[in-house]
Amino acid sequence: MFALILWFLVITFLLQHAQAASAAQWRDRSIYQVLIDRYALPNGSDPTLCKPSEQTWCGGTWNTLRGNLDYIQDAGFTAVWISPVQQNWQGERTPYGDAYHGYWIQDSTQLNDKFGTSDDLLALSKEIHQRDMYLMVDVVVNDVMALSTNPDYSIYMFKDASYYHTYCPVDYSNTTSEQLCWLGDLNVTLPDLDTTNPTVISQYGSWISELVQTYSIDGLRIDAAKHVDADFWPTFCGTEGASGIFCMGEVFGGLDVEDAAEWQGPLDSVLNYPMYTALTQAFQIPGSLNISALTDTISQSKKLYKDTTVLGNFLENQDLPRWASSSVDVQTLYNAMAFNFMSDGIPIVYYGQEQYFSGAGDPLNREPLWPSNYTKTDAYKFIQTLNQFRNYLVNSTANTSSPWTTAETQVLTASQYGIAILKGDVITVLTNVGSPAQNNTHIAVATPYDRNTALTNIITCEQWVVGSQGYIDVEYTLGGQAVILHPSTILAENKSPVCAGLVQTSQGMDDESATLSNAAFSVVRSNFLWALDSVVTVTSLSMVLCWWWS
């Protein structure tokens, strides 16, 4: 009998974990983050009624997301991150509005009926997986929501005060206080679960295991991860934890890599707040334009994180100001996005970033998407190109000894004007000069390639040729666009869908022939290139192009 029971337990464990998505599998994905309430409306709804400042429900559901997945998939994303599915506050409206965002938890054992039914969530999961995409669900385990420091605990999953820490306001300069005290304030309190309590650990484990299995969830985004006891996470997350799947935790902070890195270990991954902060300092206009913040963060990340290749790269989310609210120049957005897709980590785009949304912070950064009419803007097209190229790199190197996503990002050069990085065989040159022409600004990059090697800029599909001593020179006489270069022969040999039919592999040309060949090719291609908000694509041959057109 004992052997039979043991066999049953082993089979159950294997079945639970058979389809579990690991960190290695998530490394190859790119994620589109959705606030369910703000993504899409049911048919027949009035599209003019949603005002973020009113902090109430606008009507998005799991079904309306399911009916509008083409917009996400067509942009090239391979995973969708959705708002928490747990039941939210059912009581009176709070001083900060209603629980439209999904983060004010009441009873985790129940679903959020504002977003739909169990069948609706099952249908969404099925449709996402039929598209060969992953489903990431946001979860809140640190706390529940109340309107006082002495709530009625009977309405929650854990129904006795003994399962919670005693009320105290958080002192954010003290780690112990961050983990034991209550987030929120006296208007909206967030009673803090004691995640060292064996009953809390056990019941949370049972709950997340059932949730993951029932809805075929592939990954979890963990809200307020650093406010939970670190020893709790291995019991809850990862292939050895109760969920059996990949977990990416929110460790809210600034440039402090050490503070964020200590949570990768208890968790598979964290959202890379230090890199986000560095990108804002390096690229946003107006701003400090401090490229050193970026190079320093790259260096510190290599030393302190266990695995930089599974960190979450982002520029926006529901807690932060939109990029366009802080930076007036659209090229800063494109350059920063290119970094997130072409460096170590998993790229994440918050819904509406591709529509240039400009909400300055909560609640204005939670705009409805439908007024955009899901237009395929230049930013959307730019993301399409980044996703197409990254997916090509993932797929073409997956079965090799050196998968592109595991290659470590190397800094080739950096200056006050920008940075050049190498990941695998891809060179990415980024700048903070913005859209206006910069006649005396350039970035010279020593590449690992021989002179006359043909490269393709995958943003424009133009050919570049490596110069003497392996250098390329990126000039900004026509403004500051990102440049992403890949050896043309590799693109051609792998029959890449990127720049299909437009890749030139000519090598061995002298410098003058190479210059004229590139200029002529650019002229032929000029009607095809994106306007990218009226800023003409920059190449190392921009001065030659100006002469050619004259």
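Is cysteine 461 buried or exposed? I began my notebook with that one, and cysteine 461 counts as buried, at 9% relative accessibility. I should say at once that I am reading a predicted model.

**Entry 1**

I found cysteine 461 in the loop between β15 (454-457) and β16 (462-465). Its phi is positive, about 65°, although cysteine 461 is not a glycine. Tyrosine 356 sits in the loop between β10 and α15, and I have it down as partly exposed, with a relative accessible area of 25%. As a reminder to myself, most residues other than glycine have a negative phi, and most peptide bonds are trans.

I then looked up the cis peptide bonds. One joins isoleucine 285 and proline 286, with omega about 5°; proline 286 belongs to the loop between α11 and α12. Another joins aspartate 362 and proline 363, with omega about 10°. Proline 363 is in the loop between β10 (346-350) and α15.

How enclosed is α14? Twelve of its 13 residues are buried, so the rest of the structure largely encloses this helix. Among the buried ones I listed Gln331, Tyr334, Asn335, Phe339 and Met342. I checked the length of α14 (residues 330-342) too: at 1.5 Å a residue it should span 18 Å, and its end C-alpha atoms are 19 Å apart, which agrees. At the start of α14, a side-chain oxygen of aspartate 329 comes to within 2.8 Å of the backbone nitrogen of glutamine 331.

Next I followed helix α11 (residues 273-283), whose axis comes within 10 Å of that of α14, the two crossing at roughly 145°. On the α11 side, Met275, Leu279 and Phe283 make the contact; on the α14 side, Thr332, Asn335, Ala336, Phe339 and Asn340 do. I recorded the crossing as right-handed.

**Entry 1: two threonines**

Threonine 297 is in helix α12 (residues 291-304) and is buried, with a relative accessible area of 4%. A polar atom of its side chain lies 2.7 Å from the backbone oxygen of alanine 293. Beyond its neighbours within four places in sequence, threonine 297 contacts Leu255, Val257, Pro274, Met275 and Ala278. Valine 257 is 40 residues away in sequence, yet the C-alpha atoms are 7.2 Å apart.

Threonine 397 is in helix α15 (residues 378-397) and is buried as well, at 16% relative accessible area; the cut-off for buried is under 20%. Here the backbone oxygen of leucine 393 lies 2.7 Å from a polar side-chain atom of threonine 397. Leaving aside neighbours within four places, I found threonine 397 touching Ser402, Pro403 and Trp404. Helix α15 itself is mostly covered, with 15 of its 20 residues buried.

**Entry 2: the cores**

Which residues touch the most other members of the largest nonpolar core? I got Ile72, Ile82, Trp233 and Phe236, out of 120 residues. Looking at tryptophan 233 in detail, I found it touching Val141, Ile222, Ala225, Val228, Trp263, Pro266 and Leu267, with residues up to four places away in sequence not counted. Apart from that core lies another, of 17 residues, including Trp26, Trp81, Tyr273 and Ile346.

Definitions and conventions: Residues are numbered from 1 along each chain as its sequence is written. This is a predicted model: local features need pLDDT of at least 70, side-chain atom pairs count only at pLDDT 80 or more; totals for chains, interfaces and linings use all residues. Side-chain values use heavy atoms; hydrogens and water are left out. A nonpolar core is a set of buried Ala, Val, Leu, Ile, Met, Phe, Trp, Tyr and Cys residues joined through side-chain atoms within 4.5 Å. Buried means under 20% relative accessible area, exposed over 50%, partly exposed in between (1.4 Å probe, protein chains only). Contact means heavy atoms within 4.5 Å. Helices (H or I, at least four residues) and strands (E, at least two) are DSSP runs, numbered from the N terminus. The expected span of a helix is 1.5 Å times one less than its number of residues. A polar contact is a pair of N or O atoms within 3.5 Å; within protein, one must be able to donate a hydrogen and the other to accept it, and residues adjacent in sequence count only if both atoms are side-chain atoms. Axes are lines fitted to C-alpha atoms, for helices over the stretch in contact, and angles run from 0 to 180 degrees between N-to-C directions. A crossing is left-handed if the near helix is turned anticlockwise from the far one by less than a right angle, and right-handed if clockwise.
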